[in-house]
Amino acid sequence: MSAVDPVYALGLAGVLFVLGLLGVLVRRNIIFVLASIEIMVNAAGLAFLAAGARWGQADGQVMFVFILAMAAAEVAVGLALALRIRRRFNTLDVDDLRKLKD
Amino acid sequence: MSDAHLLVLSPYIALAATAVVVMLTTAFYHRHLLLAGLTATGLAATFACVLVAGAEDRRATALLRMNDVSLYFIGLLVVVALAVVALSYGYLGRTERRFGDFYTLLTLGALGGAVLAASAHFASLFLGLEVLSVSLYGLIAYPRRRPQAVEAAFKYLVLAAVTSAMLLFGMALVYAVSGTMLLDKVASAGAGLAGWEAAAYKAGLALVFAGVGFKLALVPFHMWTPDVYQGGPAPVIAFLAAASKAAVFVVLLQSLAPLDPQRGGVLVVVLSVVAYASMLAGNLLALFQQNLKRLLAYSSIAQLGYLVVAVVSSGAAGGARGAGTVAVAFYLTIYALALLAAFGVIAVLAHAEGEPEALSQYRGLGHRRPALALVLSVSLLSLAGMPLTAGFIGKFFIFRAGAGAAQWGLLVVFALTSAMSLYYYLRVIITMYRLEVAPYAAALATSPGGMSAGRRAADRVAVAALVLLTASTLLLGVYPPVLLRLIEHAASVFR
């Protein structure tokens, strides 16, 4: 079986991670911020899969399952908060959240 | 898995069982006293389990390293959670109508922290951190009538999720080049790597450090702290400030403990820079702060900076390693006591419409609620490091550890910024004992009589907890050996 060189997989994961980070920094809509976070987390998951494949261990895949569960939990809370923000402030723009400041 | 293993893991089993029992009970009964009582009983049982587990075999699984240091901090976390239950009981009774989820999340948060405190592997580090963080998102957003709470929770969620992703990606990179996820092997796995592997290893460690630095609110990862502290409900912030930071700090301490001082050069430099920046930025930003919760946020950034000084000292000199660990464990304990008491006072003074945040609302508090003003004064003096409070002993130990490692530059900044911090802590205390009484404090004087019997009892529970916290701060300041013997025994695992 011709395996993919883990360096390429890690490179792809790195590109996805940076894209997700840029998304968090650039997008102002709460839903897109949450989606960008999801991309970052899954990029880390992909990197774990590549690393696990490199060493022929199951650890990478185990970590990926953990990451899936954690991403689901995080996004569930995130969407619940987005709903409450929408109801209370009538907006989904993160820039409108500025009640807390000096 | 044998009986001995189960005994060592019993604190986790007790905490998880408490969370499940409270969650199931919430589905059928909404009595606040019942839910808080169940949580408190579960936490007390967990504390008993910590004492029992201390006498047994220490290697539980590959993921958890149950040595005396981790057991000490699990015990501390449980005590902090118990104090938070006592403080939340009155607070939630005044502001909320549903309580069960709060106590479930609090117990789960303590469970996450306990996993962190003993983590010996990337998997347990990650799982503990996430269980703690996701519980905290829910806890911060819990008060429904507090619009700032949602905003604080969302800000915390976005930043925590981004840094969790960084932490994970860093872990993946380190694992990809080293093939190990055990924390005590990771530190030495960098030797002999070259080319892209060396670069990936360094980038991975930097990302892991960023993730940990965010949780500890060290400069330059501190931006979230004032907003979250200001927006979140006071008892939750007490838990966040005391328990979550202590748990993450233990990871730092435990994973740096096997670090070879000679090869730890870059790490020591990075940690020193972070310590300088946190001490200076935290204290300078707190200097003219008019909002007590934000003031405590900046002060906690500075306090964590002091703690990093102790970690640097524990890593920098082989002989002084025990001294650094003792300093960290002692300081984290007294820092937790002081912050619990400070946020506890804010929680007791809160009413359904909000919490007193502006310093001006505290004018004259010393005449209206002398006990609360005294509690707040002692905890602030302890944070400032005044003699006769535990803070002085804590700072003395950090200084001793730093001097043993000859970190003179750090110690000079440490001493200067500590002196500077006295200014803003004293400002709060002087405000409280001013003769003119702010309308907020004036309203307090009439309220105890007008309170229902249940609320008065809840108020008394919280005040009793605060008095206990203050008494231990004073006791440790006058007679530290009570705790010190325990810590020195625990720290001997690193010698």
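This is a predicted model: local features need pLDDT of at least 70, side-chain atom pairs count only at pLDDT 80 or more; totals for chains, interfaces and linings use all residues.
**View 1. Helix α3 of chain A and its surroundings.** Helix α3(A), made of residues 59–89, has 31 residues and reaches 44 Å from its first C-alpha to its last, which is close to the 45 Å expected at 1.5 Å a residue. Among its buried residues are Met63(A), Ile67(A), Met70(A), Glu74(A) and Leu81(A), and what covers the buried residues of this helix includes α2 of chain A together with α6 and α7 of chain B. Just after α3(A), Asn90(A) takes a positive phi of about 60°.

**View 2. The crossing of α7 and α10 in chain B.** The axes of α7(B) and α10(B) come within 8 Å and cross at roughly 145°, and the crossing is left-handed. Residues of α7(B), including Ala152(B), Tyr156(B) and Leu159(B), meet residues of α10(B), including Trp224(B) and Val228(B). The residues of this contact divide into six nonpolar, two polar and two charged.

**View 3. An edge-to-face pair in chain B.** Over all chains there are 16 aromatic pairs. In one of them, the rings of Phe288(B) and Tyr423(B) have their centres 6.3 Å apart and their planes at 65°, so the pair is edge-to-face. Phe288(B) lies in the loop between α12 and α13 of chain B, whereas Tyr423(B) lies in helix α18 of chain B, so the pair ties together parts that are 135 residues apart in sequence. Phe288(B) is exposed, at 61% relative accessibility, while Tyr423(B), at 43%, is partly exposed.

**View 4. Further aromatic rings in chain B.** Tyr424(B) and Tyr425(B) form a tilted pair, with 4.6 Å from centre to centre and 50° between the planes, and both residues are buried. Elsewhere, ring pairs link Tyr137(B), Tyr156(B), Phe214(B) and Trp224(B) into a cluster.

Conventions:
Residues are numbered from 1 along each chain as its sequence is written. Chains are lettered from A and ligands numbered from 1 in the order in which they are written. Side-chain values use heavy atoms; hydrogens and water are left out. Helices (H or I, at least four residues) and strands (E, at least two) are DSSP runs, numbered from the N terminus. The expected span of a helix is 1.5 Å times one less than its number of residues. Buried means under 20% relative accessible area, exposed over 50%, partly exposed in between (1.4 Å probe, protein chains only). Contact means heavy atoms within 4.5 Å. Axes are lines fitted to C-alpha atoms, for helices over the stretch in contact, and angles run from 0 to 180 degrees between N-to-C directions. A crossing is left-handed if the near helix is turned anticlockwise from the far one by less than a right angle, and right-handed if clockwise. Ala, Val, Leu, Ile, Met, Phe, Trp, Tyr, Cys and Pro count as nonpolar, Asp, Glu, Lys and Arg as charged, and the others, Gly among them, as polar. Rings of Phe, Tyr and Trp (its six-membered ring) pair if their centres lie within 6.5 Å; planes under 30 degrees apart count as stacked, over 60 as edge-to-face and the rest as tilted.
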